[in-house]
Number of protein chains: 2
Amino acid sequence: MTRITQYDVYDLRFPTSVHADGSDAMNKDGDHSAAYVTLRTDRPGLEGHGFTFTIGRGTDVCVQAIRDRVQPLLGMDLDEATRDLGGTYRMLASDTQLRWIGPDKGAVHLAQAAVMNAVWDLAAKAAGKPVWEFVTDMSSEEIVDTADMSYLADEITPAEAVALLEEQEPRRAERIAHLEEHGFPCYSTAAGWLGYSDEKMRRLIRKELDAGTRNIKLKVGGSVEDDIRRCGIAREMIGPEGRLMLDANQVWDVPTAIEWMGELARFDPYWIEEPTHPDDILGHARIREGIAPIKVATGEHGMNRILHKQMMQAGSYDFCQIDACRLASVNEVLAVLIMAARRGIPVCPHAGGVGLCELIQHLIFIDYVAISGTLDNHYAEYIDHLHEHFLEPCVVRDGSYRLPRAPGYSSGMRARSLADYSFPDGRYWAEEHPKVLAARAAGRVDE
Amino acid sequence: MTRITQYDVYDLRFPTSVHADGSDAMNKDGDHSAAYVTLRTDRPGLEGHGFTFTIGRGTDVCVQAIRDRVQPLLGMDLDEATRDLGGTYRMLASDTQLRWIGPDKGAVHLAQAAVMNAVWDLAAKAAGKPVWEFVTDMSSEEIVDTADMSYLADEITPAEAVALLEEQEPRRAERIAHLEEHGFPCYSTAAGWLGYSDEKMRRLIRKELDAGTRNIKLKVGGSVEDDIRRCGIAREMIGPEGRLMLDANQVWDVPTAIEWMGELARFDPYWIEEPTHPDDILGHARIREGIAPIKVATGEHGMNRILHKQMMQAGSYDFCQIDACRLASVNEVLAVLIMAARRGIPVCPHAGGVGLCELIQHLIFIDYVAISGTLDNHYAEYIDHLHEHFLEPCVVRDGSYRLPRAPGYSSGMRARSLADYSFPDGRYWAEEHPKVLAARAAGRVDE
């Protein structure tokens, strides 16, 4: 018998604020970070890795929440923990003392994501399969049992969900073959961070075009004048057939969003992402109505399945942008994928950050193979950033994610990265960052 | 000049689970707790106290979030921090790194509540007034400037809010005089915890009746049979004219809530509280329609002003039960009070827990005097529990809260309580609790 014997948790921070990577109208100086947990077992070489994505301060809060969440797993039989992943998820989520400071949101929910991500990694490794294959090898009934369907009965019952997935079962193998050949199409945000100069933006869009991507996302919401100039440059470079996605990162209220998008409509944007506060279901619906035919995309800050259920019921979005580390791991993601498939709403996961691309590749493959069964209007975000810290970084070729083959959730990070970027005592933060700050103070930082 | 010089933060836990005080269908074994923060100044004797309410595990998570939130206050000039409380609130809330793990929800938002509660306590003490008087002495414009009106423009603009409050200004003095004479009416939950025996429930209802309260709240949602029996007892004791409030603490999904309340309708309940998940705005609206004329009350887990805005827009509740420690202090509470007044929705704050009664007394007085201007259908929760730990416990006489006179937010706790109930090293947890557990194991615990 194998046991889960111990855990380690890391506060990892990467100094992305130094070059304004990841900067937008809301988040001007984030340090892309992760509260990262390793579950160790007494079987040599077998461990699970999970994390939640953060942007600097507050990672310590998630670390504490993970310490509280992980306790019931310690000493548990690995088979017991991984045989019924729905049961393990519910066991961890049933801590009503932790639930009080959510429920299903904030640090305790991010911790549920991090810990269950590690459990999924462990379970898939024990089965010798990547997570996408581990799930698409399940029966429809097993998938629904694993999904967190609580509080969703007014939208879809578990029995209805099983029926929906069973319709897709016969074509699973055919779709896997399609993915093996073509991969899953993605779009890039790498060029459009708000803190980048026009020149840097041009250079990066050129790089994307050279790599075969004509779908570009720009951050907006700083000033109307800047947005008009930047959108003009981007539209000119990608041509009329390219897709121009815009992202306001929640800086507007409802009337401002409608007015501002009126100014940018001339650049034929495909969607506006996060036009207002992520909790504003009815506000998003009003914005969507007010800016049609421009579409609304949101969800990276969508805290849980209950919010997404209502976003769908109220007609708040055209694209559902789940986050693999904000929803409570595969269990809650499956529930949202099922609801979206029923409504015909494409799920285009949020990625970038630290390791989000590594996780979402599994989720989009699961969605296509076993749940929605379609690639129409499905675009997965991709940013070529921080992948060097991962043991098995995702592979994007010809603008498409490629199927990972290694067992697990692709969530493991290099030992060297853990040591260097642990905050505040890792080598980078203790030794190198003070030098970077000194150089910056002296005006010696390159763009 | 006075400066804010340092802070202390405490993880305080009270062993309420030992006697099932506070038990309900969702929370069977909570230990009522507080993440408590003291802001110290260099003026002798002047310090501010604030906290957020929790129920055991997870208090440590809030403590860490408070440590992160409080930093910008250290070294600040007291006048600067307290002159413009809206500005101080926005300054603390503008930390976008912490915002990422919310936004406006979960541990970082609870920490914003705790820290700003301490700032309000400090500001009111420096002004020599209780918080309710500190606010009702402000002009309507000052009140709105202090309120967090962000993301609310589609419901009410700041200018509309000022106009609404100005209508109430002429009658403020008259209403204070009314409160001085009559106080503010309350109802009690003390009798109805789910873990209490029928006999204990009868005894406690009798006590409430003797004290002049005919409004009783019972916890439901464990089993239909138990609920029918307990509701029958309560209705018989309070008579047909008494108000029977029920509280399901989120255990039902939407169809179950409608069905279950159909079974309890015969006992003429006045409201059902928290019939489903607190984030389910549209679900509450559907339940409300499905169980009319029974009313819906909810909001103690209402995470922020944006949720409450939508609850009002969707017609989700008849009673808005704000929580003084889940909303981000007086600033965010004011915004919700203003929106509720505009819609004519009574605000009946959640209380009990640790110190919630002490805080909400200020909020209901502010609401009546300066915002809603009415007592119609306004019932404030009151539970006679854990007040002994407070330096200035609230006073309830003849079923009504009485105006507190001491400067501040009534939020300070006794030094002895801080020392005894700090977790895990305080005297109670280190010495006494192990004995309680041993006695319980031996079957020697009284009801």
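Biologist: Which conventions apply here, and what pLDDT do local features need?

Modeller: Residues are numbered from 1 along each chain as its sequence is written, and chains are lettered from A and ligands numbered from 1 in the order in which they are written. In this predicted model, local features need pLDDT of at least 70 and side-chain atom pairs count only at pLDDT 80 or more, whereas totals for chains, interfaces and linings use all residues.

Biologist: How many helices and strands does chain A have?

Modeller: Chain A has 18 helices and twelve strands. Helices (H or I, at least four residues) and strands (E, at least two) are DSSP runs, numbered from the N terminus.

Biologist: And what is the radius of gyration of chain A?

Modeller: The value is 21 Å, close to the 22 Å that the globule rule gives for 447 residues, so chain A is as compact as a globular protein of that length. The radius is taken over C-alpha atoms, and the rule is 2.2 Å times the number of residues to the power 0.38. Along its principal axes, the C-alpha trace of chain A spans about 65 × 55 × 45 Å.

Biologist: What percentage of chain A counts as buried?

Modeller: Of its 447 residues, 59% count as buried. A residue is buried if 20 or more other C-beta atoms lie within 10 Å of its own, exposed if 12 or fewer, and partly exposed in between, with C-beta atoms placed from the backbone.

Biologist: Which domains does the assignment give for chain A?

Modeller: It gives domain 1 (4–139 + 415–441) and domain 2 (169–401); the bounds come from an automatic or database domain assignment. The centres of domain 1 and domain 2 of chain A, taken over C-alpha atoms, are separated by 23 Å.

Biologist: How many residues of the two domains are in contact?

Modeller: In chain A, 34 residues of domain 1 are in contact with 36 residues of domain 2, where contact requires C-beta atoms, placed from the backbone, to lie within 7 Å. On the domain 1 side, the largest share, seven residues, comes from α5(A). That side divides into 17 nonpolar, twelve polar and five charged residues. Here Ala, Val, Leu, Ile, Met, Phe, Trp, Tyr, Cys and Pro count as nonpolar, Asp, Glu, Lys and Arg as charged, and the others, Gly among them, as polar.

Biologist: Changing topic: what rotation superposes chain B on chain A?

Modeller: A rotation of 180° with 0.0 Å of shift along its axis does so, at RMSD 0.0 Å. The two copies are thus related as by a two-fold rotation axis. The superposition is by least squares on the C-alpha atoms of residues with pLDDT of at least 70 in both copies.

Biologist: Which C-alpha of chain B is nearest the axis?

Modeller: That of G106(B), which is 2.0 Å from the axis. The same surface serves both copies, in that 100% of the contact residues of chain B recur in chain A.

Biologist: How many residues of each chain are in contact with the other?

Modeller: 51 residues of chain B are in contact with 51 residues of chain A. On the chain B side, α1(B) gives the largest share, six residues. By class, that side has 23 nonpolar, 17 polar and eleven charged residues.

Biologist: Is α15(B) largely enclosed or exposed, in terms of its residues?

Modeller: Of its 15 residues, 13 are buried, so α15(B) is largely enclosed by the rest of the structure. This helix is followed by G344(B), whose phi is positive, near 70°.

Biologist: Where are the cis peptide bonds, in chain A and then in chain B?

Modeller: One runs from F423(A) to P424(A), with omega near 0°, and P424(A) is in the loop between α17 (415–421) and α18 (427–441) of chain A. Another joins A292(B) and P293(B), with omega about 10°; P293(B) lies in the loop between α13 and β8 (295–298) of chain B.

Biologist: What is the phi of D104(B)?

Modeller: D104(B) has a positive phi of about 60° although it is not a glycine. Most residues other than glycine have a negative phi. D104(B) lies in the loop between α4 and α5 of chain B and counts as buried, with 25 C-beta neighbours inside 10 Å.

Biologist: And N377(A): buried or partly exposed?

Modeller: N377(A) is partly exposed, with 13 other C-beta atoms within 10 Å. Its phi is also positive, about 60°, although N377(A) is not a glycine.
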